[in-house]
Amino acid sequence: MRTFKLVSLTALFIALTAIGILYLLMRASLPVEDGELRLPGLNAQVTVNSDELGVPAISAENRADALQVLGFLHARDRLFQMELMRRKSAGRLAELFGSVAVASDRKQRAYQLSKTAQKIVQDLPAEQRRLLQAYVAGVNAYLAQTRILPPEFLLLRHQSELWREEDTLLVVLGMFQILNGYEQDERMFTVMEKALPKDLLVFLTPDTDSYTTTLVGGEKPRRFNPSVSSQVFAGLPEPDAVLTQAGVDAQNLVLGSNNWVVAGSKTVDGRTLVANDMHLGLGVPNIWYRADMAYPNRQVYGVSLPGVPGIIVGGNDDIAWGFTNVTADLLDLVSLDVNPDNPDEYRTANGWLEFGKHTETIQIKDAPAIEITVRDTLWGPVSEQSLLGKPVVIKWTALQPHGVDLGLLGMDDAHSVQQAMAVLNRIGAPPQNVVIADRAGHIGWTYMGRFPQRVGFDGLASRSWANGDLAWQQFLAPDALPRLIDPPEGFIVTANNRTLGRNYPHAIAHNWALGYRAFRIAELLREQNHLSEPDLLAIQLDTRNAVYDFYRQLALDELQAISDKDDELQTIEQTLQAWDGHMSTDSIGAALLAEFRGQLANEVFAKIVAACQFYDADFRYAWREMETPLRLLLVQRPARLLRAQYRDDWPRMIVASLRQSAHQLQQEYPHKHLANLRWAETHPITLHHPFSKVAPLLGELLDMPRFQSDGCAGLCVKVMDTAHGASERLVLSPLHPEDAIFHMPGGQSGHPFSAHYRDQQPYWQAGIASPMQTNIVAHSLSFLPRQR
């Protein structure tokens with residue numbers, strides 16, 4: 001027994017010692033924030049003064065030195081984030097996480113982004129290449145100087161490779177893929193085209209809604225059919241008896257943003273104002289890194305993307321700007337005709353051509369490596385996933401020559417709205433709506449990015465290009481992109497909505513986001529004058545959801561028609577009557593309406609989904625303007641559309657959906673009465689670190705604490721949902737940057753032991769106005785050229 005106790009105590013001592021050593025190593029990996037460091041390649045001393053939130057203000061004698069130090073700081077504070085981003089794009093996550101990441105790696109290898117990144121680097125303009133090299137030198141200077149890497153590297157027993165120029169482009173391409181590189185829209189439409197009558201297809205895929213507010217090209221849509229004959233529903237199959245919500249995505253989620261710009265005629269003292277909140281996946285650390293850079297005759301500040309030189313959104317001495325995603329159609333799936341006599345060939349206008357092929361090796365942690373064959377065509381790489389039984393090629397602007405560059409660096413030198421537009425229209429980047437304000441009082445909007453010029457087709461559905469009559473004819477010319485300057489209304493708003501009317505000569509997109517957020521922002525701006533920064537922040541936090549007004553009234557009308565309501569229906573009616581029209585924390589009825597709208601969408605589109613799933617079992621109807629056909633069908637109530645059990649009895653279906661919604665909520669929240677169920681109780685938010693998904697016990701240390709929130713997924717201005725929401729909030733006047741307001745989740749540092757890992761979270765979470773710039777210097781670090 002004594003021996004057993006001794007062994008146990010020894011084992012406990014060893015375990016505690018190991019934990020202690022690991023803890024000390026993690027503490028020792030915290031970055032240096034004060035003192036002096038020498039950096040090879042610097043031309044002159046660079047000073048970095050950081051405020052109480054760890055936000056660096058870089059002061060340099062030249063631009064290259066400023067970007068080199070930014071590279072050092074990115075690596076110091078966000079190295080593991082950078083490591084994940086370059087590896088995800090390249091398809092190399094399995095080297096870190098093992099077999100669980102193989103599927104992701106296989107898909108990414110098909111895109112061949114590593115090869116694309118290398119080609120982009122070679123094609124960069126000389127000045128962009130020079131500045132990129134300075135930035136890369138800064139990242140690698142950190143890697144050379146640090147003795148102990150951040151905790152994630154210690155836990156994975158991984159040593160970071162040197163940063164390469166192409167790694168920066170892999171980060172850019174990864175962002176491009178998140179925002180504009182999705183195949184699902186064209187896959188969805190192609191299956192619908194196969195399964196449904198043409199009239200019904202057009203009806204279900206409009207490019208407009210009752211909230212649409214265009215900026216250029218008139219108001220008329222390109223694609224809208226307000227009604228269809230009930231005959232089109234006659235041939236639709238009966239779905240399964242039990243519906244699942246997997247077949248319809250009624251959330252209207254879109255990786256996008258809100259932005260708007262206000263002229264001096266509507267502000268408190270004539271200053272122009274830009275407001276921007278970019279909606280992306282939420283995690284720890286936050287995707288953005290705050291920075292301020294000053295070099296002779298120029299200062300630029302805002303948010304940067306770790307791994308990439310320069311400021312993405314923010315301002316300089318003369319202008320301010322903000323982004324929202326265009327949701328443009330930048331990717332086509334070219335359907336391939338494979339030679340039945342030779343599967344190594346595909347058909348082209350010049351006859352059969354042989355696939356280009358090469359073998360790639362996926363290294364897997366703690367498992368044998370696997371080899372995959374990647375195929376190429378004259379149009380681009382072959383997708384790993386077929387479509388309607390045929391292979392398809394990924395034709396995507398990001399993979400085209402000169403489709404991507406680092407042209408956003410040019411915004412440093414823009415002095416006016418007009419100059420900014422000239423820069424933005426020529427940048428190769430994920431296409432964005434950009435609103436701009438300048439010190440002279442001008443405001444404007446335009447597109448950033450490159451857009452394909454299609455010949456012979458519109459890009460909605462997958463097509464064969466084998467006959468040579470379909471093609472891309474380079475990109476739209478910069479001067480062809482839309483612009484709006486100083487509109488008489490005194491403001492410009494975008495929120496991923498349709499901004500173009502049919503009179504604009506080019507089809508930029510098809511599957512726009514619902515226009516409600518832009519409509520609501522414009523509504524609030526229109527009724528206010530003497531606006532200041534706090535007023536625009538209040539709009540960013542607005543939780544009004546007028547979309548649900550329709551569903552509330554629909555339900556109340558049907559309930560009113562029932563003379564002898566049972567207790568359940570009385571509770572439902574009471575809950576709906578209590579709703580205050582907002583998705584605020586204390587809103588009663590908001591959860592019921594959210595569930596009810598989803599149930600209605602499942603029922604109304606059940607036969608349509610069943611028809612499409614006959615051709616593709618994974619089909620989901622996720623048209624972002626779904627609200628238009630859903631409302632029209634609920635008003636028109638055509639015969640033959642509903643499931644057989646309802647016998648075309650629409651009121652019965654609506655009441656049954658209400659009951660099912662109530663049952664679902666009561667099942668999820670059994671200890672809460674429906675009439676007392678607050679929105680926040682059904683709307684918890686947790687920001688996760690990547691490690692907590694594979695090692696949940698680490699979540700207590702690495703994740704942001706779970707909290708109840710207002711806002712909603714996409715139907716109110718304040719977009720906030722599980723793992724999706726405002727990645728930053730910015731309100732900025734180029735005349736008065738000292739009054740700017742800024743929020744972002746988490747903090748500057750990705751190191752869990754850093755004081756700046758979570759210190760910005762309270763402001764973002766509670767919507768408390770916090771300054772973008774302060775005069776406080778909490779830390780000062782000098783970078784000196786290496787002595788010769």
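## Exercises on a predicted model

Leu-408 touches Ile-311, Ile-312, Phe-323, Leu-424, Ile-427 and Met-448, leaving out residues up to four places away in sequence. The model is predicted. Keep this residue in mind for the opening task.

**Exercise 1. Classify the ring pair of Phe-457 and Trp-465: stacked or edge-to-face?**

Start with an example, then do the task.

Solution. 
- Step 1: know what to look for. A pair of aromatic rings is described by the distance of the centres and the angle of the planes.
- Step 2: study the example. The whole structure holds 22 aromatic pairs. Among them is the edge-to-face pair of Phe-72 and Tyr-142, with 5.6 Å from centre to centre and 85° between the planes. This pair links distant parts of the chain. Phe-72 lies in helix α2 (residues 63–90) and Tyr-142 in helix α6 (residues 126–145), 70 residues apart. Both Phe-72 and Tyr-142 are buried.
- Step 3: turn to the task. The ring centres of Phe-457 and Trp-465 are 5.6 Å apart, and the planes stand at 70°. Planes over 60 degrees apart count as edge-to-face. So the pair of Phe-457 and Trp-465 is edge-to-face.
- Step 4: check burial. Phe-457 is buried, at a relative accessible area of 16%. Trp-465 is buried too, at 5%.
- Step 5: look around the pair. Phe-457 and Trp-465 belong to a cluster linked by ring pairs, together with Tyr-346, Phe-355 and Trp-379. Over the face of Phe-355 lies Arg-375, 4.4 Å from the ring centre.

**Exercise 2. Which strands stand at the edges of the open sheet, and why is one side of each left without a neighbour?**

Solution. 
- Step 1: write down the order. Three strands form the open sheet, as β15-β10-β19, with mixed pairing.
- Step 2: find the edges. They are β15 (392–396) and β19 (463–464). Each has a single partner strand, so one side of each has no neighbour in the sheet.
- Step 3: inspect one pairing. β10 (residues 331–335) and β15 run antiparallel over five bridges. Leu-331 stands opposite Trp-396 in β15.

**Exercise 3. Which residues touch the most other members of the largest nonpolar core?**

Solution. 
- Step 1: In soluble globular proteins, nonpolar side chains tend to be buried together.
- Step 2: name the residues. In this core of 212 residues, they are Leu-196, Leu-200, Trp-396, Ile-508, Phe-605, Tyr-621 and Phe-783.
- Step 3: find the main contributor. Helix α2 gives the most, with 14 residues.
- Step 4: follow one member. Beyond its neighbours within four places in sequence, Ile-508 contacts Val-326, Ala-328, Asp-329, Tyr-447, Phe-451, Leu-476 and Leu-500.
- Step 5: note the second core. It is separate and has 19 residues, including Ala-495, Leu-537, Val-717 and Val-731.

**Exercise 4. Which cysteines form a disulfide, and is Cys-712 buried or exposed?**

Solution. 
- Step 1: recall the bond. A disulfide is a covalent bond between the sulfur atoms of two cysteines.
- Step 2: name the pair. The structure holds one disulfide. Cys-712 and Cys-716 form it, with sulfur atoms 2.4 Å apart.
- Step 3: check burial. Cys-712 is buried at 5% relative accessibility. Cys-716 is buried at 0%.

Technical notes: Residues are numbered from 1 along each chain as its sequence is written. This is a predicted model: local features need pLDDT of at least 70, side-chain atom pairs count only at pLDDT 80 or more; totals for chains, interfaces and linings use all residues. Side-chain values use heavy atoms; hydrogens and water are left out. Rings of Phe, Tyr and Trp (its six-membered ring) pair if their centres lie within 6.5 Å; planes under 30 degrees apart count as stacked, over 60 as edge-to-face and the rest as tilted. Helices (H or I, at least four residues) and strands (E, at least two) are DSSP runs, numbered from the N terminus. Buried means under 20% relative accessible area, exposed over 50%, partly exposed in between (1.4 Å probe, protein chains only). A charge sits over a ring if NZ of Lys or CZ of Arg is within 6 Å of the ring centre and within 35 degrees of the ring normal. A nonpolar core is a set of buried Ala, Val, Leu, Ile, Met, Phe, Trp, Tyr and Cys residues joined through side-chain atoms within 4.5 Å. Contact means heavy atoms within 4.5 Å. Two strands pair if DSSP finds at least two bridges between them. A disulfide is a pair of cysteine sulfur atoms within 2.5 Å.
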